[in-house]
Amino acid sequence: MTKYVLGIESSCDDTSVAVVAKDGQVKAIKTVSQYEVHQAFGGVYPELASRAHLEAILPTIEQVMSDANITPSDLTAIGVTRGPGLIGSLLIGLSTAEALSMGWGVPVYGINHLRGHMRSVDLEETRTKYPAVVMLVSGGHTLVAELKDPWSYRLLGTTRDDSVGESYDKVARMLGLGMPGGPAIDAAAKRGTPVLRLPRPMKNDGYEFSFSGLKSSVARHIEKHPEVSLDDMSASFVAACMDVLMAKAERAVIECQPKSLIIVGGVAASPQLRDGMENLAQDHGVSLCLPPIKWATDNGAMIGLATWDYIEKGIKPDLIPKPNLNLETP
């Protein structure tokens, strides 16, 4: 009889719950977006995010269990994000999962959100071949790491300030494109031409990232040239981001000689990034591993699949929220 994990993700502004088998098949999933809650603020308002999670989480779990047509006896475990993320949002997921664990008699595992993203690429089918280089590009994180296997991570570099996804969102607000910023800027960039020469911070410097200077350059240009084409500005900004990401990815591929290049996180849904990484992978003879777009953003399925890794390794971290949890910590 097939057993499942109930994956719960509430690290930021989406409440997502999924039922996932060990082979990555997703039996059922539901994600409740908070877009309308935060739209007026131009970004995530933490206190309102916590309240929205509190309202959504139990009905979402009930719906997913019903959609999957399973009972708690069909669960091997519950997996829930314990960090990184907003502490209030994390607490809602963790306390709910712990209560369900006690009530159902099912063990609960606190999962590293970053490791969840790493596993998103193997949802529905196994795509990763090791050793691998992984680049995580999302609203909260930008990093590149080497993976010898699913548990041996060597962090090569991370961002010193803003993540690339955060920069996308902030530039989208500057341009009046609304939120979420990523899809809006990518769409505008397709209509425009990258005629503006914006900086490529740290492009040629190792594996560290910095996007605050690029974001500031956009702000200064808009201030001095309010007549600027939104499409051309978007195209120029996206081109700068892509140049930096591609340079870091290529450097890691040359140094580490991996079998797979993995690109995960919300920005992995960017068509410009997907096209560029496809060309890079072909040039260097590595397998490009991208999650289907529906699994690129935060979701309960990736947490569920990561939980199976924790079970297999016998690793069961505490359920204390860790807003600044790093990649190297299970």
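Helices (H or I, at least four residues) and strands (E, at least two) are DSSP runs, numbered from the N terminus. This is a predicted model, where local features need pLDDT of at least 70, side-chain atom pairs count only at pLDDT 80 or more, and totals for chains, interfaces and linings use all residues. Residues are numbered from 1 along each chain as its sequence is written, and side-chain values use heavy atoms, with hydrogens and water left out.

**View 1. Two non-glycine residues with positive phi.** Methionine 202 sits in the loop between α6 and α7, and its phi is positive, near 60°. With a relative accessibility of 17%, methionine 202 counts as buried (buried is under 20% relative accessible area, exposed over 50%, partly exposed in between, using a 1.4 Å probe and protein chains only). Asparagine 69 also has a positive phi, about 60°, without being a glycine. Look for asparagine 69 in the loop between α2 (46-68) and β4; at 68% relative accessibility it counts as exposed.

View 2. Glycine 83 and proline 84 are joined by a cis peptide bond with omega about -10°. Proline 84 belongs to the loop between β4 (75-83) and α3 (87-104). The other one runs from tyrosine 130 to proline 131, again cis, with omega near 0°. Proline 131 is in the loop between α4 and β6.

**View 3. The largest nonpolar core.** A nonpolar core here is a set of buried Ala, Val, Leu, Ile, Met, Phe, Trp, Tyr and Cys residues joined through side-chain atoms within 4.5 Å. The largest has 47 residues, and those with the most contacts inside it are Met135, Phe237, Leu245, Leu261, Ile263 and Met277. At least two core residues come from each of β6 (132-137), α5 (164-174), α6 (181-191), α7 (212-224), α8 (230-256), β9 (260-264) and α9 (271-284). The top contributor is α8, with 14 residues. Apart from this core there is another one of 23 residues, including Tyr4, Ile8, Val17 and Ala21.

**View 4. Close-up on methionine 135.** What does methionine 135 touch, leaving aside residues up to four places away in sequence? Its contacts (heavy atoms within 4.5 Å) are Leu143, Val144, Phe209, Leu245, Lys248, Ala249, Ile262, Ile263, Val264 and Met277.

**View 5. Where the two domains meet.** The domain bounds come from an automatic or database domain assignment, which gives domain 1 (4-119 + 295-313) and domain 2 (126-291). Their centres, taken over C-alpha atoms, are 26 Å apart. The contact draws 16 residues from domain 1 and 16 residues from domain 2. Together the domains bury about 1600 Å², 72% of it on carbon and sulfur atoms (buried area is the accessible area, with a 1.4 Å probe, that two parts lose on being put together, summed over both). On the domain 1 side, Arg115, Met118 and Ala296 lose the most area to domain 2, together 37% of what that side buries.

View 6. One residue pair is in polar contact across the interface, both at pLDDT 80 or more. A polar contact is a pair of N or O atoms within 3.5 Å; within protein, one must be able to donate a hydrogen and the other to accept it, and residues adjacent in sequence count only if both atoms are side-chain atoms. Helices α1 (35-38), α4 (113-120) and α10 (300-313) each put at least two residues on the side of domain 1 that touches domain 2, with α4 giving the most, four residues.

View 7. In one of them, glutamate 255 pairs with arginine 154, with the closest N and O atoms 3.4 Å apart. Glutamate 255 is in helix α8 and arginine 154 in strand β8 (residues 153-158), so this pair ties together parts 101 residues apart in sequence. Arginine 160 and glutamate 208 form another, at 3.6 Å between the closest N and O atoms. Here arginine 160 is in the loop between β8 and α5 and glutamate 208 in the loop between α6 and α7, 48 residues apart. Arginine 160 is exposed at 59% relative accessible area, whereas glutamate 208 is partly exposed at 25%. Glutamate 166 and lysine 170 meet at 2.9 Å, N to O; they are four residues apart in helix α5, so about one helical turn separates them. Salt bridges with shared partners also join Glu146, Lys148, Arg154 and Glu255 into one network.

Key. Salt bridge = Lys/Arg side-chain N within 4 Å of Asp/Glu carboxyl O.
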